[in-house]
Number of protein chains: 2
Amino acid sequence: MTRKGILFVISGPSGVGKGTVREALLKVRDDIEVSVSATTRPPRPGEIDGVDYFFIDRETFMKRVKENQFLEWANVYSNYYGTPREFVLNHLKNGRDVLLEIDIQGALQVKQKMPEGVFIFLSPPSIEDLAKRLCQRGKDSQESIEERLAACTQEMEQMIYYDYVVVNDQVENAVTKVNAIITAERCRIKNLELG
Amino acid sequence: MTRKGILFVISGPSGVGKGTVREALLKVRDDIEVSVSATTRPPRPGEIDGVDYFFIDRETFMKRVKENQFLEWANVYSNYYGTPREFVLNHLKNGRDVLLEIDIQGALQVKQKMPEGVFIFLSPPSIEDLAKRLCQRGKDSQESIEERLAACTQEMEQMIYYDYVVVNDQVENAVTKVNAIITAERCRIKNLELG
């Protein structure tokens, strides 16, 4: 019984902890290809080019947009983010699973193009919790935090377009659930090549 | 975010190891209500009335059939098996998940009545493996084994009506997968009460 490559998309409001969950997931699971996004946002301390993101300038980004090199791209809080198309499609074609960790705008674009993907909404336990989290990570200005919280309420409404909701109350709980979703989806009849 | 009770049905060809997987699963998971079937088959050594099955005579069984007390019932290799309806419906109504471990005939009956259930097909790695398994468990006559193997080929075709396929190559692998399916289904949007 062989299997098709499955596209997994982890997404959710800004600051919910998508990157942390992805990182912790990859410590327990190495049988999935992780797409690295391109971005025009400057690197945060500790972020590595080619690992966390491909850091490129706006001109290069727009050139790639024109060349249709992105599966999805979005402008999130004045920075551009994009998912390299070739990487994703080639791995899926070869029967490998691919993981994207992207914002909600991007996820909804991917869903239109690849509705057979598995869309996981990472949710904060509450808006209050998200506020605390954004303050604690200390990467954002007060203004930016307020802008993100306002957006979050609206973003939570996009949840209904996803297949799964995982509440990120504690990273290890969220990772257990995302890990289970990957294992389960690989057993789904619709993802198997029967006969 | 509350959740609806989910009905999980583990099913598969006779001899594939459904009972063993169920038992091992319950050692790692106690947050699910396990339905105990009624049967007219005599207890095998070690089986306990009310735990493995409710062992009842044919007359009592048929009386319950007439009273519509079974969610499904089937005649499998000259013995009757049935799932008590009240137990299942009451727990689901109260938001509890329920696990059924039943034969393929029964599972397809349940699917017609409750298509929103989660149907897991437990498959042998191969027909040869199933033959070995049936011989090793020493519970069946040579004639019974041949009958079961002939049926298995046909039963494997019913797989397409299920949501998931779990290959029972090793009990611990199968349990990990069924366990993941339960965790994942609890995160599915369609099983959550949003808003």
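Helices (H or I, at least four residues) and strands (E, at least two) are DSSP runs, numbered from the N terminus. The model is a predicted one, in which local features need pLDDT of at least 70, side-chain atom pairs count only at pLDDT 80 or more, and totals for chains, interfaces and linings use all residues. Residues are numbered from 1 along each chain as its sequence is written, and chains are lettered from A in the order in which they are written.

In chain B, the loop between strand 6 and strand 7 holds Ser78(B). The phi of Ser78(B) is positive, near 70°, and the residue is not a glycine. Tyr77(B) lies in the loop between strand 6 (70-76) and strand 7 (79-84) of chain B, and has a positive phi of about 50°. Most residues other than glycine have a negative phi. A residue is buried if 20 or more other C-beta atoms, placed from the backbone, lie within 10 Å of its own, exposed if 12 or fewer, and partly exposed in between. Ser78(B) is exposed because it has 8 such neighbours inside 10 Å, while Tyr77(B), with 13 within 10 Å, is partly exposed.

Residues are in contact if their C-beta atoms, placed from the backbone, lie within 7 Å. Chain B gives 17 residues to the contact and chain A gives 17 residues. Helix 7 of chain B supplies the largest share of the side of chain B that touches chain A, five residues. That side has 13 nonpolar, one polar and three charged residues, where Ala, Val, Leu, Ile, Met, Phe, Trp, Tyr, Cys and Pro count as nonpolar, Asp, Glu, Lys and Arg as charged, and the others, Gly among them, as polar. Since 100% of the interface residues of chain B are also interface residues in chain A, the copies meet through the same surface.

The largest nonpolar core has 88 residues; such a core is a set of buried Ala, Val, Leu, Ile, Met, Phe, Trp, Tyr and Cys residues joined through C-beta atoms within 7 Å. Those with the most contacts inside it are Val9(A), Ile120(A), Val9(B) and Ile120(B).

Note on methods
Two residues are in contact if their C-beta atoms, placed from the backbone, lie within 7 Å.
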